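Here is a short report on strands, sheets and aromatic contacts. Keep the coordinates open while reading.

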Amino acid sequence: MRLADLPSSVLHGAAEAPLRLHGRDGFEVIHAEQITLLRAIDKVVEVYTHRGYAGATHGSVLRLVGRFEHCDWVLLSRAAAAKRPAILRVDYGRASDGTRTYAARVAGVVNPVPISRRHWSVVRRQLGGGA
């Protein structure tokens with residue numbers, strides 16, 4: 001095969017380097033297409049896929065969202081970002097003071113992920129809920 005026969009995506013580096021995560025059984029390599037949720041907890045970012053928790057990496061949620069900006073991210077709070085297709089539904093509730101609370105059900109994550117009040121209007125628009 002000649003260099004000219006290769007697809008342009010290979011030549012121009014369209015495929016970014018995968019994440020190398022500290023997982024339960026050592027290191028694990030995850031590609032951006034597999035990620036459903038990024039969540040910051042205790043100065044690390046937990047990474048989830050459709051199969052569940054994949055591992056953790058150092059850095060920030062916003063840095064990883066910027067690194068994989070071609071993915072369709074929805075910022076749920078300062079500490080959590082999910083891919084739009086991975087959000088299965090939004091649960092509504094009431095806090096003890098009577099204010100409404102929101103939480104996203106994300107594929108591969110057992111517990112609902114809280115959506116901050118600050119981000120709710122943007123999340124609603126991104127999910128097609130109007131202004």
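A residue counts as buried when its relative accessible area is under 20%, as exposed when it is over 50%, and as partly exposed in between. Trp120, at 10% relative accessibility, therefore counts as buried. The model is a predicted one.

Start with strand 4, residues 44–49. Five of its six residues are buried, so strand 4 is largely enclosed by the rest of the structure. Strand 3 covers residues 35–41 and runs antiparallel to strand 4. Six bridges join the two. The hairpin of strand 3 and strand 4 has two residues between the strands. In this hairpin, Asp42 takes a positive phi near 50°.

Strand 4 also pairs with strand 5, residues 52–57. This pairing is antiparallel too, with five bridges. Val45 has its bridge partner in strand 5, namely Thr57. A hairpin through two residues joins strand 4 to strand 5.

In general, strands of a sheet pair through backbone hydrogen bonds, either parallel or antiparallel.

**The sheet 8-9-10**

Three strands form an open sheet in the order 8-9-10, with antiparallel pairing. Which strands stand at the edges? They are strand 8 (87–94) and strand 10 (113–115). Each has a single partner strand, so one side of each is left without a neighbour in the sheet. Neighbouring strands of this sheet are turned by 35° against each other on average, direction ignored.

Strand 9 spans residues 100–106. Three bridges join strand 9 to strand 10, and the two run antiparallel. Within this pairing, Ala103 has Pro114 of strand 10 as its bridge partner. Helix 3, residues 117–126, lies across strand 8, strand 9 and strand 10. Its direction is at about 90° to strand 10.

**Aromatic pairs**

The structure holds four aromatic pairs. Two of them are listed here, including their geometry.

| Pair | Centre to centre | Angle between planes | Type |
|---|---|---|---|
| Tyr48 and Tyr53 | 5.6 Å | 70° | edge-to-face |
| Tyr92 and Trp120 | 6.1 Å | 90° | edge-to-face |

Tyr92 lies in strand 8 and Trp120 in helix 3, so this pair ties together parts that are 28 residues apart in sequence. Tyr53 is partly exposed, with a relative accessible area of 27%. Tyr92 counts as partly exposed, at 48% relative accessibility. Trp120 counts as buried, as stated above.

Tyr92 and Trp120 also belong to a cluster. Together with Tyr102 they form one aromatic cluster.

**Charges over rings**

Terms used. Residues numbered from 1 in each chain as written. Predicted model: local features only at pLDDT ≥ 70, side-chain atom pairs only at ≥ 80, totals over all residues. Heavy atoms only, no water. Buried < 20%, exposed > 50% of the residue type's maximum accessible area, 1.4 Å probe, protein only. Helix = DSSP H or I, 4+ residues; strand = E, 2+ residues; numbered from the N terminus. Pairing = 2+ DSSP bridges. Axes fitted to C-alpha atoms, helices over the stretch in contact; angles between N-to-C directions. Contact = heavy atoms within 4.5 Å. Phe/Tyr/Trp six-rings, centres within 6.5 Å; stacked < 30°, edge-to-face > 60°.
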